[in-house]
Amino acid sequence: MKYMHFAAMDRQSTSWQRADPEAALIETADTAQWKVTLPDGNDVHTVTLFTDGINTRGHCCCDGYHFHDRCTHLITIRQAQLLDVLTVDGDLVRIPTLADEAVDAVERKVATYDEIEADAEPEAVRSDGGRRDPDEYTAGSDDETFGRPEAQL
């Protein structure tokens, strides 16, 4: 679980721009957990987000979160609360404030999930958490050397 500082996030980032709580499918999964499917994706991601009364903590099962400490799915839930978006279950998205015992239980649940996923080989992802097209060109993928030759340094 990582501390989330939404106010400090770059509103121009791809993650922020891609978040669309009104078009996303958001389903309540458990206390402080939602299943999120973005309108431009087919994958369902489990998002955990809560406050302990002082700090907001979050986690997402997507690769973007694991590589970049934030993701579009977490931002979608935060925006959904601000915009009073309803889940597919008809509930308002509300980020709960949890007592210490509940925080511990949620963190154990997330840690167990992470252990299960740890053995899975991560897929190539963009910084916004979306999957990269396997045919997408990336710098260096053509075996070309970049920069000045060693002798000119």
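Trainee: How many salt bridges does a search of the whole structure find?

Mentor: This is a predicted model, in which local features need pLDDT of at least 70, side-chain atom pairs count only at pLDDT 80 or more, and totals for chains, interfaces and linings use all residues. Residues are numbered from 1 along each chain as its sequence is written, and side-chain values use heavy atoms, with hydrogens and water left out. A salt bridge is a side-chain nitrogen of Lys or Arg within 4 Å of a carboxyl oxygen of Asp or Glu. With that cut-off, the number found in the whole structure is five.

Trainee: K109 and D30 meet in a salt bridge. How many residues apart in sequence are the parts that this pair ties together?

Mentor: The N to O distance between the two side chains is 2.3 Å. Helices (H or I, at least four residues) and strands (E, at least two) are DSSP runs, numbered from the N terminus. K109 lies in helix α4 (residues 100-118) and D30 in strand β2 (residues 25-30), so the separation in sequence is 79 residues.

Trainee: Is R57, the salt-bridge partner of E107, buried or exposed?

Mentor: The side chains of E107 and R57 meet at 2.6 Å, N to O. The pair links distant parts of the chain, with E107 in helix α4 and R57 in strand β5 (residues 56-60), 50 residues apart. Buried means under 20% relative accessible area, exposed over 50%, and partly exposed in between (1.4 Å probe, protein chains only). E107, at 24%, is partly exposed, whereas R57, at 13%, counts as buried.

Trainee: Where do D84 and R94 lie?

Mentor: These two side chains meet in a salt bridge of 2.5 Å, N to O. The pair ties together parts that are ten residues apart in sequence, and both D84 and R94 lie in the loop between α3 (72-82) and α4.

Trainee: With which residues is H59 in contact, leaving aside its neighbours within four places in sequence?

Mentor: H59 is in strand β5 and is buried, with a relative accessible area of 3%. Contact means heavy atoms within 4.5 Å. Apart from those sequence neighbours, the contacts of H59 are M1, T46, V47, T48, Y65, H66, L74, V110 and D114.
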